[in-house]
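Trainee: Please pick one part of the surface and take me through it closely. After that, relate it to the rest of the chain.

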Amino acid sequence: PGSGKSLLAKVLRLIHGGVLRPEMPHDDAELSKSITSILSQTTAPYVCFDNVTGVVKSSRLAALLTSAKHSDRVLCSTNETDLVNDRIWMITANNAVLGGDLVRRAVWSTIDPGRPHPERRSASSFTIPALADYVTAHRGQILAALLTLIRAWVVAGKPLAEGEEETADDFGPSNAALRGILAQAGIPGRFDHPDSRVQKFGQDDEEWAHFLESIDATMGADWTEAGWTAKQLLANIEDTDNFEFGATRSRRQPIPVEALPGELADKILKSPRSAGRVLGWWLTHRAGRWAGNLRVV
């Protein structure tokens, strides 16, 4: 808190225009209504949900970040409306955690003042003390400078940064362009470098990776060719007796029950008699999905 994240977002809104929302709905239905309202009632290119907390996980938001259109039902009507999604979506947060596919669809900008109570820093310690006022007064010059950077890159033939290859994902072309613009201008560093990402996996993928590592350590390489069933796996999970599954545990080092992803553990504890079916369903729906260097086949 007090590091300047809201100020950084404010600078973008002052330069380009933006919409500020003090909080982001955690329910997908409510978030969809908010997105529809923003796209239909505003035109500013930047949208910021400020001071988001906890786990940010939304299939609606994940879809929005890779779609040129947003579809939603008109309020008090059965009709659908299609809205053009031509915005940059931002959140500001203190150590928020992203879930699902949001991790790979986000660009991180991390601020670490390296001291407690950063809000108490003196204005004189900054090169530009009143940044928001400065940006407002020099907006035209800043926009001209940004356009000059882009124009210089276009005139140079839109070169990619040295050693750069455009990735095949939805963000490949735009990320490659931004890196090329910055490299052409001689600005050091690499935009959206993998090492700059606070998270490598979504929260659920991180739990999934830990579970796979535990399975691999317990089942061992000798099970790889023969394979194993959900029933055999469940028999090797610590405290399976508490699940009333009735399987005979092997002599292997058990998989600690805390290694189970939270959602899976909740489902098993709620339905102990159908634990094998629940685990089998869980594995089937994640077959082939990589987490770290492991996957279930």
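Mentor: Leu147, Ile150 and Val154 together make a nonpolar surface patch of about 250 Å². A patch is built from residues with over 30% relative accessible area and no salt bridge; nonpolar side chains (Val, Leu, Ile, Met, Phe, Trp, Tyr) are joined within 5 Å, like charges within 9 Å. The areas come from the Shrake-Rupley method with a 1.4 Å probe, and for residues only the protein chains shown count as cover. This is a predicted model, in which local features need pLDDT of at least 70 and side-chain atom pairs count only at pLDDT 80 or more, while totals for chains, interfaces and linings use all residues. Residues are numbered from 1 along each chain as its sequence is written, and side-chain values use heavy atoms, with hydrogens and water left out.

A helix here is a DSSP run (H or I) of at least four residues, a strand a run (E) of at least two, both numbered from the N terminus. Ile150 has a relative accessible area of 38%, so it is partly exposed; buried means under 20%, exposed over 50%, and partly exposed is in between, with the 1.4 Å probe and protein chains only. Thr148 is also in α5, which runs over residues 139-155. Thr148 counts as exposed because its relative accessibility is 52%. The C-alpha atom of Thr148 is 9.7 Å from that of Ala185, although 37 residues of chain separate the two.

The surface also has a charged patch. Glu206, Glu207, Glu263 and Asp266 gather there as a patch of negative charge. In counting charge, Asp and Glu are negative, Lys and Arg positive, and His and the chain ends are left out. The place of each charge is NZ of Lys, CZ of Arg, CG of Asp or CD of Glu. Two helices, α7 (203-219) and α9 (262-270), each supply at least two residues of the negative patch. Glu206, for one, sits in α7.

Next come the salt bridges, of which the structure holds three. The term means a side-chain nitrogen of Lys or Arg within 4 Å of a carboxyl oxygen of Asp or Glu. Side chains of opposite charge can pair when their charged atoms come close.

Lys33 pairs with Glu30, their closest N and O atoms being 3.4 Å apart. Both belong to helix α2 (residues 28-41) and are three residues apart, about one turn of the helix. An α-helix has 3.6 residues a turn, so residues three or four places apart point the same way. Lys33 counts as partly exposed because its relative accessibility is 44%, and Glu30, at 39%, is also partly exposed.

Arg87 is bridged to Asp86, with 3.0 Å between the closest N and O atoms. Arg87 has a relative accessible area of 11%, so it is buried, whereas Asp86 is exposed at 52%. Asp101 is bridged to Arg105, and here the closest N and O atoms are 3.9 Å apart. Asp101 is partly exposed at 37%, while Arg105 counts as buried at 17%.

Two backbone angles deserve a note. Asn51 has a phi near 55 degrees, a positive value in a residue other than glycine. Asn51 is placed in strand β2 (residues 46-52) and is partly exposed, at 41%. Asp192, again not a glycine, has a positive phi near 55 degrees. Asp192 is in the loop between α6 (172-184) and α7, and its relative accessible area of 9% makes it buried.

For contrast with the surface, take helix α10 (residues 275-284), which is mostly covered, with seven of its 10 residues buried. Among the buried residues of α10 are Val278, Leu279, Trp282 and Leu283.

Finally, the whole chain. The protein chain has 10 helices and seven strands. Buried residues make up 33% of its 297 residues. The radius of gyration of the chain is 24 Å, while a compact globule of 297 residues would have one near 19 Å. That radius is taken over C-alpha atoms, and the globule rule is 2.2 Å times the number of residues to the power 0.38. Along the principal axes, the C-alpha atoms fill a box of roughly 75 × 55 × 45 Å.
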